Amino acid sequence: MEHKDLYKILGVAENAGPEEIKKQYRKLAKKYHPDKNPGDKAAEAKFKEISEAADILTDPKKREQYDQMRQYAASGLGGGGFDPRHFGGGRGGGFRFENGPGGFGGFADIFSTIFGDGFGAEAGSGAIPRKGKDIHGSLSVTFNEAVAGVKKTISISGLQRCTACDGTGAEPSSETTSCPDCHGTGQISSAHGAFAINRTCPRCLGRGRIIGKTCSACGGTGNTRGKRKLAVQVPAGIEHGQQVRLTGQGAPGSGGAPAGDLFLTVNVGDDPHFERRGKDIYTVAQINLGQALLGGKITVRTLKGTAALKIPPGTKGGTVLRMKNLGVLHDGLQGDQYVTIDVEFPKDLTAEERKLIEKLARTRGWSTEK
Ligand SMILES: [Zn+2]
Ligand SMILES: [Zn+2]
C-alpha cells in the first residue's frame, strides 16, 4: 500500500494554515477541473486526488487524524504495512472513528484516500500478516577466502522464531482447535448500515485457531529473543562490497508471515601480493637487466601457487604481461592475471663489470658522455 502524501498532492507545507490550503486547492482545482480539460483522464484523476486531499486537510478533525497516521507511518509501522488492529477503538494510541453509518463511511473514505483502494480489502482480511524486517550486516573474509569461496559461521542476536513451538505459539504437546468465534477465519464481520465491517477476531487474535496451552518458551508469541548461529556460504569470486542474501534469515514475521531476509555486505581483506580488479588479478614481478635485454623465463606467484612466465627480449620496465585464465573464477567466467614488469638495475657495478658495459656501449655506439 502506498502512503499518499496529501500535503505533497496539494503542494503545501505540513504546517500550512487552513487559508493557505484552501487557496492552493482553488488554484489547482481551477487548473485540473474536468470542464477545462475535457477528455483528459490524467487531469480528471488529478482533480479527484486534490479534491480528496483538500477534503481531509481542510477539515480540522480529519486533518488531525491524518497527521497522526502519518506519524504512525513514520514511526516504523513501516512501508505502508498498516495494521488495522492499531485502529481498533480503545486500545490506546490507536485511532478512533466514530461509529454510525456516517462515521464508517468516513473511515473507508479516509483510508482509501490515503492508502489506496487496496486498503479496504486488506483491512477485511483480519490480522494482517507482516513479513519480518530485513536485517543488514557485514561479513569480513580474507582475500583468499573471497577468491576460493568460504563457509562462515555467524551469530545473530535479536528476535527469532521460537524453536520450541516452531513459531506457532502453542506448547508442542497441546492441541489447537478452530476458533469458535470466527470459525477459523480469524475475522469477525458485523453490519453497520450499508457497510459490513470486518475486524480481527479478538478471541484468537486473527489466528483462527485457539491454542490449548501457550508455549512456555515464548509465551505464545512464537518468537524468542536470543542468539543463533548461522552458516553462511560465501560464493567463490565474491568482490568487496557485494552482498550475500540469505532468504528468510531476517527478523521473524508476525501473523504467520515469512521472516525477512538477511543481507550481508562482504568486506574482502587485502593481500600483500595480489591486487584484484573484478575477476582480474594484478601483480608485480621483478626481472634483472639480463632478462630484460635477452628475454627469459621467470616464476611468478599466482592465486593457485606459481606459474612460469616468458619474458620476451627487450622487455621494458612497466610492461604488463597477461597470463590467461589465472584470475578469479566468478559466475562461470575466469579472469586473467596481469603482471607488471619491474626491471632491476645494479647500482654496485664492479670495475670489471663496468668495463664490460662500457665495451657494450662502444659496440652499440651509445653515447656515454658525462
Ligand atoms: Zn514458542
Ligand atoms: Zn477467532
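This is a predicted model: local features need pLDDT of at least 70, side-chain atom pairs count only at pLDDT 80 or more; totals for chains, interfaces and linings use all residues.
Local features here need pLDDT of at least 70 and side-chain atom pairs count only at pLDDT 80 or more, while totals for chains, interfaces and linings use all residues. Residues are numbered from 1 along each chain as its sequence is written, chains are lettered from A and ligands numbered from 1 in the order in which they are written, and side-chain values use heavy atoms, with hydrogens and water left out.

**Exercise 1.** Find the protein donors of the zinc ion (ligand 1) and work out their arrangement.

*Solution.* Start with the donors (N, O and S atoms within 2.8 Å of the metal, or 3.2 Å for Na, K and Ca). They are the SG atoms of Cys-162, Cys-165, Cys-215 and Cys-218, at 2.2 to 2.3 Å from the zinc ion.
Next, check the angles: the 4 donor atoms subtend 104 to 116°, so the arrangement is tetrahedral (for four donors, all angles between 85 and 135 degrees).
Then read the spacing, C-x2-C-x49-C-x2-C. Cys-162 sits in the loop between strand 2 (150-161) and strand 3 (176-178), and Cys-218 in the loop between strand 6 (209-211) and strand 7 (223-234), so the pair ties together parts 56 residues apart in sequence.

**Exercise 2.** Identify the edge strands of the open sheet of 4 strands.

*Solution.* First, write down the order, 10-11-17-14, with mixed pairing. Strands are DSSP runs (E, at least two residues) numbered from the N terminus, and two of them pair if DSSP finds at least two bridges between them.
Strand 10 (275-277) and strand 14 (320-323) each have a single partner strand, so they stand at the edges.
Finally, look at one pairing: 3 bridges join strand 10 to strand 11 (residues 280-288), running antiparallel, and Arg-276 has Ile-281 in strand 11 as its bridge partner.

Methods:
Four donors count as tetrahedral if all angles lie between 85 and 135 degrees; four count as square planar and six as octahedral if opposite donors are over 155 degrees apart and all others between 65 and 115; anything else is irregular.
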